[in-house]
Amino acid sequence: VGSEMCIRDSYTFLIISFSLVSAQLRVGADAGAKYKVEGISSDMEMGFTLGYDYLFNDNFGVGFEYQLNREVKETDGGKLGFTSVYGVAKFPFNPQVYGVARVGYAVSMVLDPDEGIDPSGGLMFGVGGGYNVNENIAIEAGYFLNNGTLTFLGQDFDVEVNRFHLGLAYSF
């Protein structure tokens with residue numbers, strides 16, 4: 001029984017070690033964001049995004065990100081943020097520089113205050129690049145687009161938010 005326990009614990013350690021090798025936490029600032037509803041565009045305040053990517057190998061994986069609500073400038077205190085799940089692809093150009101693409105779905109859109117408006121998510125994508133400062137830390141920059149729908153009094157309105165992202169990624 002003792003050797004069986006040791007073998008099982010070794011496999012558990014191996015599985016945990018494997019899953020942590022391909023993980024990446026991201027935090028960054030989003031600036032230059034535009035909020036567009038049915039063709040009418042408004043600027044947005046700078047916001048922050050938290051993300052997590054899990055790579056199955058050096059190039060492909062899955063992830064999610066959470067945007068802290070940011071204010072839409074032409075509204076009276078209206079704030080907006082998305083939570084997205086996506087597939088991620090990384091394309092190394094050399095050991096330090098890589099390109100990255102993320103495509104997925106914004107599973108939710110939060111509108112504060114909602115005032116009888118029912119927000120929902122939509123398509124999300126982003127393209128950009130990164131620079132590996134060292135084995136664990138990278139700087140990333142990119143352009144992201146989130147889509148969603150606002151339903152008000154039974155009518156749907158398409159929402160589009162585009163933003164430029166600059167952040168740090170920590171791989172472990």
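Colleague: What makes S3 and strand S4 (residues 60-67) a pair?

Modeller: Two strands (DSSP runs of E, at least two residues, numbered from the N terminus) pair if DSSP finds at least two bridges between them. S3 and S4 have seven bridges in the antiparallel sense, so they count as paired. One of these bridges joins Tyr 52 to Phe 64 in S4. The two strands form a hairpin, with four residues between them.

Colleague: On what kind of model does this rest?

Modeller: The model is predicted, with local features requiring pLDDT of at least 70 and side-chain atom pairs pLDDT 80 or more, whereas totals for chains, interfaces and linings use all residues. Residues are numbered from 1 along each chain as its sequence is written, and side-chain values use heavy atoms, without hydrogens and water.

Colleague: How do you know that strand S1 (residues 23-37) pairs with strand S3 (residues 47-55)?

Modeller: The criterion of at least two bridges is set against eight bridges in the antiparallel sense, and therefore S1 and S3 pair. Arg 26, for example, has Gly 51 in S3 as its bridge partner.

Colleague: Why is Asp 30 called buried?

Modeller: Buried means under 20% relative accessible area, with exposed over 50% and partly exposed in between (1.4 Å probe, protein chains only). Asp 30, in strand S1, is at 0% and therefore counts as buried. In the protein chain of 172 residues, 36% count as buried.

Colleague: How do you know that the side chain of Asp 30 makes a polar contact with the side chain of His 165?

Modeller: A polar contact is a pair of N or O atoms within 3.5 Å; within protein, one must be able to donate a hydrogen and the other to accept it, and residues adjacent in sequence count only if both atoms are side-chain atoms. The side chains of Asp 30 and His 165 are in polar contact at 2.6 Å. The side chain of Asp 30 also makes a polar contact with that of Arg 70, at 2.9 Å.

Colleague: Which residues does Asp 30 touch, not counting residues up to four places away in sequence?

Modeller: Contact means heavy atoms within 4.5 Å. Asp 30 touches residues including Met 46, Phe 48, Arg 163 and Phe 164. In the protein chain, among contacts between residues at least 6 apart in sequence, 56% join residues at least 24 apart.

Colleague: What is the secondary structure of the protein chain?

Modeller: The chain has one helix (a DSSP run of H or I, at least four residues) and 11 strands.
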